[in-house]
Amino acid sequence: MKFTKVAVAAAVLGSTLLGITAAGAASPPQAGTIYVSVAPNNSATYPIVIAGAIADYGKATTIDQNGKVDPNGNYVKIALKQGGFEVNTTDLNKEANSTSPTVNNTTNCSFSFTVSNPITIFNGSGAYKGIAGTLDMTESFVAILPRNTSGKNKGQCNEGNGKPVASSGIISGSGKVSFS
């Protein structure tokens with residue numbers, strides 16, 4: 001069973017990011033290790049929080065290499081409160097698209113998958129002008145599949161339609177950034 005990025009994005013409907021708010025003025029960014037957490041949802045734009053050497057939050061929007069919003073794009077434009085940057089997620093997406101989820105339990109039709117790959121940061125603006133770095137990111141996803149309602153596989157887990165009845169996912173990771 002293969003799930004494409006489209007199926008994964010659609011299947012993450014309803015996933016939420018824990019509410020995190022800034023408790024005061026943000027510190028200026030500095031070189032060092034950052035920790036990133038994003039919660040994909042059913043759109044091309046989703047929440048992102050960054051901690052560590054950078055403490056900021058905002059929105060991540062999936063785009064194509066020309067900067068056009070594209071839910072299936074291999075780049076992400078990060079718009080934070082103090083500025084922004086872009087990341088190249090081509091290798092992470094390729095890994096996700098070629099990995100088959102593992103059906104953990106055929107009795108309840110639950111499955112999961114996890115993939116990891118580095119992504120690169122570039123094109124900083126605002127407080128993040130001159131940012132560079134590589135982040136080791138992991139995409140984790142869990143879901144419950146529907147059952148086939150007819151045919152020779154009636155009652156069995158429907159692994160072919162890509163539309164789980166419930167799902168949640170998170171993309172997180174860390175890495176070092178520098179500023180030129």
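Which residues of the largest nonpolar core touch the most other members? In this predicted model, where local features need pLDDT of at least 70, side-chain atom pairs count only at pLDDT 80 or more, and totals for chains, interfaces and linings use all residues, the question is taken up after the overall layout. Residues are numbered from 1 along each chain as its sequence is written, and side-chain values use heavy atoms, with hydrogens and water left out.

The chain contains 2 helices and 9 strands, where helices (H or I, at least four residues) and strands (E, at least two) are DSSP runs numbered from the N terminus. Read from the N terminus, the order of these elements is α-β-β-β-β-β-α-β-β-β-β. Of the 180 residues in the chain, 40% are buried; buried denotes under 20% relative accessible area, exposed over 50%, and partly exposed the range in between, computed with a 1.4 Å probe on protein chains only. Contacts are defined by heavy atoms within 4.5 Å. Among contacts between residues at least 6 apart in sequence, 57% join residues at least 24 apart.

The largest nonpolar core comprises 32 residues, and those touching the most other members are Ile34, Val36, Ile48, Ile50, Phe85 and Ile121. A nonpolar core is here a set of buried Ala, Val, Leu, Ile, Met, Phe, Trp, Tyr and Cys residues joined through side-chain atoms within 4.5 Å. At least two residues of this core come from each of strand S1 (32-38), strand S2 (45-52), strand S4 (75-80), S5, H2, S7, S8 and S9. When residues up to four places away in sequence are not counted, isoleucine 50 touches Ile34, Tyr35, Val36, Ala55, Asp56, Leu80 and Phe85.

Strand S5 also holds glutamate 86. With a relative accessible area of 14%, glutamate 86 is buried. Its side chain is joined to that of asparagine 123 by a polar contact of 2.9 Å; such a contact is a pair of N or O atoms within 3.5 Å, of which, within protein, one must be able to donate a hydrogen and the other to accept it, and residues adjacent in sequence count only if both atoms are side-chain atoms. Residues up to four places away in sequence being excluded, glutamate 86 touches Ile63, Val76, Lys77, Thr120, Ile121, Phe122 and Asn123. Threonine 62 is 24 residues from glutamate 86 in sequence, and their C-alpha atoms are 9.7 Å apart in space.

Threonine 89 is located in the loop between strand S5 (83-88) and helix H2 (90-98). This residue counts as buried, at 8% relative accessibility. Apart from its neighbours within four places in sequence, threonine 89 is in contact with Gly73, Asn74, Tyr75, Val76 and Ile119.

Strands S6 and S7 run antiparallel and are joined by 3 bridges, two strands being paired if DSSP finds at least two bridges between them. Threonine 102 has serine 112 in S7 as its bridge partner. The two strands S6 and S7 form a hairpin with 4 residues between them, and in the turn cysteine 109 has a positive phi of about 65 degrees.

Cysteine 109 also takes part in a disulfide with cysteine 157, the sulfur atoms lying 2.2 Å apart. The structure holds 1 disulfide, the term denoting a pair of cysteine sulfur atoms within 2.5 Å. The link of cysteine 109 and cysteine 157 is left-handed, with -95 degrees about the S-S bond. Because cysteine 109 lies in the loop between strand S6 (102-105) and S7, and cysteine 157 in the loop between S8 and strand S9 (166-179), the pair ties together parts that are 48 residues apart in sequence. Cysteine 109 counts as buried at 1% relative accessibility, and cysteine 157 is buried with a relative accessible area of 12%.

A search of the whole structure finds 4 aromatic pairs. Rings of Phe, Tyr and Trp (its six-membered ring) pair if their centres lie within 6.5 Å, with planes under 30 degrees apart counted as stacked, over 60 as edge-to-face and the rest as tilted. One of these pairs, phenylalanine 111 with phenylalanine 141, is tilted, at 5.7 Å centre to centre and 50 degrees between the planes. This pair links distant parts of the chain, as phenylalanine 111 belongs to strand S7 (residues 110-126) and phenylalanine 141 to strand S8 (residues 131-144), 30 residues apart. Both phenylalanine 111 and phenylalanine 141 are buried. Phenylalanine 113 and phenylalanine 141 form another tilted pair, at 5.8 Å centre to centre and 40 degrees between the planes. Phe111, Phe113 and Phe141 form one aromatic cluster.
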